Structures are given as C-alpha cells and as structure tokens.
Amino acid sequence: MQFIRPLWACLAISCLLISAAHAQSADHARPAPLRTAWLAEFEAFAAWYAHDRQWDRENNPAVELRSFPTGRLLVDNMHAYGWNLAACGGVPALRAMLRKDVYVVGVGTEEAASNAVYARASSPLARLNGVGGAARFLRGKTVLCPLGTSAHQLLLAWLDGMGLKDTDVTIVDVKPGEAAQALAKGLGEAAALWAPAAYAAEELGLSRITDGRKSGIAQPVLLLAERGYADKHPERITAYLRNYLQAVERFGEMPVEELVPLYQRFQREFAGKALSASDARRELENHLLFPLDKQKELLGGVPAADGAMRPGGTLRGWLKDVIAFHKKTGALSSREAGELESLPLVTPRFLP
C-alpha cells in the first residue's frame with residue numbers, strides 16, 4: 001500500500017501539468033484585446049455606449065478603452081500604449097498621418113460649433129461683429145488663444161473673414177480655461193476657446209462673437225486605425241466600426257430627454273466630470289454624428305486596389321483646410337504639406 005500514495009501523487013501532478021499546458025495553449029490561441037484610445041470628449045460617447053452595452057465584444061474577444069488628456073499625447077504615445085484604434089482631432093492626427101502610422105477609417109464627430117470666439121459684453125466686438133468697424137477696432141488688439149489648435153484655426157478663419165491677418169493682432173498663447181478667466185478680468189480683447197471652457201466663458205458673462213460653423217470651417221475628429229494592426233486584422237477594425245456606428249444609429253433614434261442623462265453618465269463614468277443637464281444638451285447640439293451612409297460619403301466611395309481613397313469625399317476638403325492652416329502657421333513645411341495633401345491614408349475600406 002505504501003506505493004499507492006506516490007503513484008496517485010504522480011498522477012495528480014501530471015493532471016495539473018496537462019491542465020496548465022492546456023490553459024497556456026488556450027491563452028496563446030486567444031486573440032489579444034483590441035486596444036482603443038480616446039479623449040474624454042464627445043467622440044468617445046459612442047465607444048463608451050457600445051462598450052457599456054457589450055456590443056463591441058460580439059466580434060472582438062475583448063476591448064480596452066483608455067482615455068488620454070490631449071490628442072497630441074494620444075498620438076505621441078501610440079506605440080508606447082500600443083493602441084489599435086483611436087480618435088482625435090485633425091490637428092494632432094496629421095502628425096501620425098505624416099509618419100504613415102495610421103489609416104483614417106472614419107469620422108467621430110464634427111465640432112466646429114464647439115470652438116468659439118468670445119469678448120466681454122462691454123466690448124465693441126459684441127455689437128460690431130460682422131460690420132467693417134469690428135476689423136478696425138480689433139486691429140492691434142490682443143487675442144488669447146491656444147496656438148496650433150482647432151481654436152487657433154477658427155481664429156485665423158475669423159480674422160480672414162474680416163480682411164485681417166494674424167499679424168494685425170497680437171495672439172497670446174493661453175489655454176482655453178485660463179483664457180476665459182483672463183478675458184473676464186480685462187486681459188485681452190477676445191479669446192478663442194473650445195468646450196467646456198466656452199460654457200465657463202458664458203457663465204462668466206462673456207459674449208459669443210462667432211464659432212467655427214458660422215465662420216465656414218469644418219473641424220472633424222478622426223477615427224484612426226494603426227496601419228500594421230489594420231492590415232493584419234481588417235475584420236476586427238470593421239467589426240468595431242460596425243458596433244461604434246450601431247451606437248451612433250441608436251443615438252439618432254433617442255429623444256433628447258433620454259440622451260441628456262445618458263451623456264451625463266458617460267461624462268461621469270468615462271471622463272470623471274460632473275456635467276450639468278444644460279451643458280450636456282449644448283454638447284449634443286454642437287456636435288454632429290455620422291451614420292454609415294454619411295461615413296461613406298465623407299470618406300469618398302470605393303477604395304482603389306492599394307487601399308487609397310479615390311478622388312472625392314467631403315473629408316478630403318476638410319483635411320486640406322487643416323493642412324493649409326498648419327502650413328500657414330509654419331507647423332508644416334511645404335514638403336510635408338505636399339506629402340499630406342494627397343491624403344492616401346484616408347480610406348473607406350474598413351467601413352462595414
């Protein structure tokens with residue numbers, strides 16, 4: 001009987017080793033999670049909702065959502081974090097496009113109405129905007145604006161519409177939240193801001209002079225796929241976009257009374273922010289969403305054999321405006337702007 005115990009012990013150890021080997025084999029066979037990266041802003045709303053409803057897990061084994069504070073940090077850390085799909089504004093996205101690191105596979109939102117220029121209610125700008133006197137009054141004055149951003153793009157478009165150049169005013173590089181406070185205290189004549197600093201500006205009694213939509217520009221937030229991953233797993237990118245756009249379709253069916261508290265929950269859970277119902281409503285009003293048929297129109301129809309987009313597509317014009325803005329500010333050289341202007345990495349081939 002003394003030999004039975006060692007025998008059973010050997011059998012037990014063998015079973016444990018076999019189970020561990022099977023588990024390790026299963027782990028190797030299980031696909032890695034789809035890593036996604038977002039700013040805690042409107043374009044992440046559909047991603048958060050699809051994840052909350054577990055739609056994004058239907059065709060991907062696991063999906064990770066990570067938040068970044070700025071588009072530049074998101075783009076600069078794409079390899080360190082190893083994200084497969086992300087969203088950020090056209091301004092930082094150009095950096096990844098110039099490195100040929102990404103495909104543009106969709107549009108998360110268009111946020112021109114969220115970028116606005118403000119002035120004090122007592123300023124002549126509050127009553128002269130759109131009149132020739134506004135340009136004469138603004139010449140030589142100081143404007144607060146975060147340089148190299150979508151708010152900066154709006155500011156230049158607004159000045160251009162009045163026949164002014166950026167050299168006709170003094171532009172001081174100030175973050176939106178700080179700019180709203182400074183303007184309210186008397187520093188500068190105007191400030192170019194984006195939400196939620198724009199809402200804070202209105203609470204401080206500042207007057208909205210213009211916004212991106214009124215100034216005739218479009219400011220898209222782009223859905224980006226890392227090229228290596230997308231080429232290797234195109235079906236996973238397509239599956240994720242299907243679930244993302246399913247959320248977009250659902251939002252289009254919801255009454256605003258249902259969307260407002262849902263958006264507040266998104267901001268609370270994903271962004272860690274307490275947003276009032278009125279600010280949530282303004283966020284929903286100031287951002288455009290694009291269902292599948294509109295995505296195809298934006299990205300330009302049928303892709304060519306090499307995956308590049310054929311001529312056409314509204315997004316091409318929008319991005320060329322962003323490229324021209326960066327070239328004007330000196331952030332892009334003529335050579336870099338020329339490389340980007342053909343926009344070969346914008347493609348509809350991953351859309352459902």
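Leaving aside its neighbours within four places in sequence, with which residues is Glu 189 in contact? Contact here means heavy atoms within 4.5 Å. Glu 189 is in contact with Tyr 118, Ala 119, Arg 120, Ser 123, Pro 124, Leu 125, Phe 137, Lys 141, Thr 142 and Leu 183.

The structure is a predicted model, in which local features need pLDDT of at least 70 and side-chain atom pairs count only at pLDDT 80 or more, while totals for chains, interfaces and linings use all residues. Residues are numbered from 1 along each chain as its sequence is written, and side-chain values use heavy atoms, with hydrogens and water left out.

Glu 189 is found in the loop between helix H9 (176-184) and strand E8 (190-194). Helices (H or I, at least four residues) and strands (E, at least two) are DSSP runs, numbered from the N terminus. Glu 189 is buried, where buried means under 20% relative accessible area, exposed over 50% and partly exposed in between (1.4 Å probe, protein chains only). Glu 189 has no salt bridge, and Arg 120, the nearest side chain of opposite charge, is 4.1 Å away. A salt bridge requires a side-chain nitrogen of Lys or Arg within 4 Å of a carboxyl oxygen of Asp or Glu.

Attention now turns to helix H2. In this helix, residues 44-52, seven of the nine residues are buried; they are Ala 44, Phe 45, Ala 46, Ala 47, Trp 48, Tyr 49 and Ala 50. These buried residues pack against strands E1 (34-39) and E2 (63-68), and against helices H12 (234-253), H13 (256-271) and H14 (277-285).

Phe 45 also takes part in aromatic pairs. Rings of Phe, Tyr and Trp (its six-membered ring) pair if their centres lie within 6.5 Å; planes under 30 degrees apart count as stacked, over 60 as edge-to-face and the rest as tilted. The whole structure holds 15 aromatic pairs. One of them, between Phe 45 and Phe 251, is stacked, at 4.2 Å centre to centre and 10 degrees between the planes. This pair links helix H2 with helix H12, its members being 206 residues apart. The rings of Phe 45 and Tyr 263 have centres 5.0 Å apart and planes at 90 degrees, so this pair is edge-to-face. Because Phe 45 lies in helix H2 and Tyr 263 in helix H13, the pair ties together parts that are 218 residues apart in sequence. Phe 45, Phe 251 and Tyr 263 belong to one aromatic cluster, which also includes Trp 48 and Tyr 49.

Notes:
Lys and Arg count as positive and Asp and Glu as negative; His and the chain ends are not counted.
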